Amino acid sequence: MVIDSKNLDFQELNRRIKTCESLDITVSGCLGQRFLAAGLKDKNITIEGTPGNALGAYLHGANLTVIGNAQDATGDTMNDGSIVVYGSTGDTCGYAMRGGSIYIRGNAGYRAGIHMKAYHDKFPVMVIGGKAGSFLGEYQAGGVIIVLGLGSAENENIVSNFCGTGMHGGTIYIRAKTLNAKFPPQVRVREAEKEDLAKINTYIDKFCMLFSVPRNTIDDRPFWVLTPNTDNPYKQLYVQN
Amino acid sequence: MAIDFLYPEFEVVRDQSRCIACRVCERQCANEVHSYDEDLKLMVSDESRCVNCHRCVSLCPTRALKIIKSPHTFRENANWTQDAIQEVYRQANSGAVLLSSMGNPKQFPVYWDKILINASQVTNPSIDPLREPMETRVFLGKKPTNITRDQNGKIKTDLPPQLELELPILFSAMSYGSISYNAHESLARAAVEMGTYYNTGEGGLHKDFYKYGAHTIVQVASGRFGVHKDYLEQGAAIEIKMGQGAKPGIGGHLPGTKITGDVSATRMIPEGTDAISPAPHHDIYSIEDLRQLVYSLKEATEYKKPIIVKVAAVHNIAAIASGIARSGADIIAIDGFRGGTGAAPTRIRDNVGIPIELALASVDQRLREEGIRNEVSLIAGGSIRNSADVVKAIALGADAVYIATGALLALGCHLCRTCQTGKCNWGIATQRPDLVKRLNPDIGCRRLINLLTAWEHEIKEFMGGMGINSIESLKGNRLMLRGVGKKKKELSILGIAHAGE
């Protein structure tokens, strides 16, 4: 089922997506309509064009594919399902996501994966093919964020500043020859070993498959693992009064 | 042990002639103040642990106990008060930020107490609420600015979603984690019974309480704990928490030690990890961004639920509220600087924000001037202590009020202000099973119902006295208020005349 989104505002477009009987939907000519598929549970939606902010907010199991770029707040507070973006995303991608996966072929803007958390069988995964803006994984409490830095120079800083500030759970993997970023004190940084790489192998494979990237172009640089120093970064901060 | 310079604040006075050494006090005190001395055959106390919560006093069968403020003081000093000196000691001992709980206890003006309510005499006769019907029902949400009709001339009645309240009082946000399961159950059941709402706070909604969903406001805060599709669908309304009166501008932090069992499951985070709510929502840096969160929630719940935006009362609150009213929000909740909290840095609590009375009056005035008062309903909170405060708040422009500290007092809270320790002897601000079970939800619920019922009677008496039979006619009716002993500027912000004028 194809929905031509030309001249439809976000409310009408969303209404048509939600009430569409077909489980497989293509939205053509998307031009900035916001909140697409918010809270959606069980549809496979391909979006051609550029969806607006808050694509797949509170996503509850639906699968979204964007043939183009996405804007800000993609997958905000997402609980389950998947978002695949063939271009880049704007800021605050995957804010507080608790489950499901986001694969981005290009870059992510500022504040991606802030406050990502995992719980029980919920384990959020975000793979960024290119670079990420500042504040990546700030307050991260669970799940995994992978930044591949494809297309960047060997000594280029691909995660910018303040990566992992206030991190108290989860893991960030960064693929780089050398790490040029400065990390905050809450973050422990080390080079990935075999066991670390084994943990993310399926996500890398999926990335390669989704975007037709040869696996050997990824394996040619080492990965770095960022984990929090402690589960309770702010424990010593207070005295009873 | 190093000297910490801190002398106990209270004295435990035990009348040994009355004490029968039954050891109730010992068993009841989670702070471990009391113990039995086998050699002396006497109950003894370590007053340095006492928080003056009255649990032992209330349960002592022979009334042998009382807690008094220790007469031991520093040399009197109007500037360097005892608190000021001891806080320096605490920080010099620890190098840490001072942490307190419940509302600002400092001596700031309480404007409610300087406002008087009108009553009818001779003309415009008062109404007897025992005989005449009095309407206290309110609807919170966007109201249409004009009447529209369909092709047949019939009035269109499809309003935006509204919260229907039998009386203009809601229970304010307190998370499961900051207060106990039994406290939440008491609030939820009382809200159902009284035709009003309680609020989950930012800690998610326990599965057991989904059945009270029609009387639940679910909160979405910066940490998004426990927020998912089912949670949003469960609530009667969704509240976006931007700020809280007790700690405007800063985030929340529930330590990992309190994230156990059900609290962990309800927040949907693993046991033992800190629950950190960042100070801002990092996806909201503007009114435009706020509008985006408002509409993403509306889209996700198909425009069936009103969206509340809760903010702390701060200096530019009128302009902020004007922005929120234009963000698509249905209701604005304003929390004054005396609002309670389960834990807040002392300095922030005692020094940041403004009184709800002034904030409310200026917001109502501003929204009227801009012609957008109908776009939103206003809920005022931050230390509403009794029915007179409710009536004054409504006359200053509120559609309804939030109460929380008052509700906890009804449950047995004694305002000892040590919620942050998690050792509440009254079973309210604790997760320890042996303490939680001290609060019986059947009794708690009943006491809350009693409180609201009593206030409802009093509100009707006030209304009847003013010759008003519908709470809607009281809303923003500042002619019903007069100030006493306040300066011209204060009265002008409150929008009320001085008594005698």
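**Where chain A meets chain B**

In this predicted model, B:Glu288 and A:Arg34 form a salt bridge, with their closest N and O atoms 3.8 Å apart. This pair falls within the 4 Å limit for a salt bridge. The count of salt bridges between chain A and chain B is 2. Polar contacts link the two chains as well: 26 residue pairs, both members at pLDDT 80 or more, are in polar contact between chain A and chain B.

H1(A) gives the most, with 4 residues. By residue class, this side of chain A divides into 18 nonpolar, 14 polar and 8 charged residues.

The size of an interface is often given as the accessible area lost when the parts come together. For chain A and chain B that area is about 3800 Å², and 56% of it lies on carbon and sulfur atoms. Within chain A, the residues that lose the most area to chain B are A:Tyr58, A:Tyr119 and A:Asn241; together they account for 20% of what that side buries. The contact draws 40 residues from chain A and 49 residues from chain B.

Strand pairing also crosses between the chains. S12(A) pairs with strand S5 (residues 97-100) of chain B in the parallel sense, over 3 bridges. In this pairing A:Val239 stands opposite B:Leu98, a residue of S5(B).

Definitions and conventions
Residues numbered from 1 in each chain as written. Chains lettered and ligands numbered in written order. Predicted model: local features only at pLDDT ≥ 70, side-chain atom pairs only at ≥ 80, totals over all residues. Heavy atoms only, no water. Contact = heavy atoms within 4.5 Å. Buried area = accessible area lost by both parts, 1.4 Å probe. Salt bridge = Lys/Arg side-chain N within 4 Å of Asp/Glu carboxyl O. Polar contact = N/O pair within 3.5 Å; in protein donor to acceptor, adjacent residues only side chain to side chain. Helix = DSSP H or I, 4+ residues; strand = E, 2+ residues; numbered from the N terminus. Nonpolar A, V, L, I, M, F, W, Y, C, P; charged D, E, K, R; others polar. Pairing = 2+ DSSP bridges.
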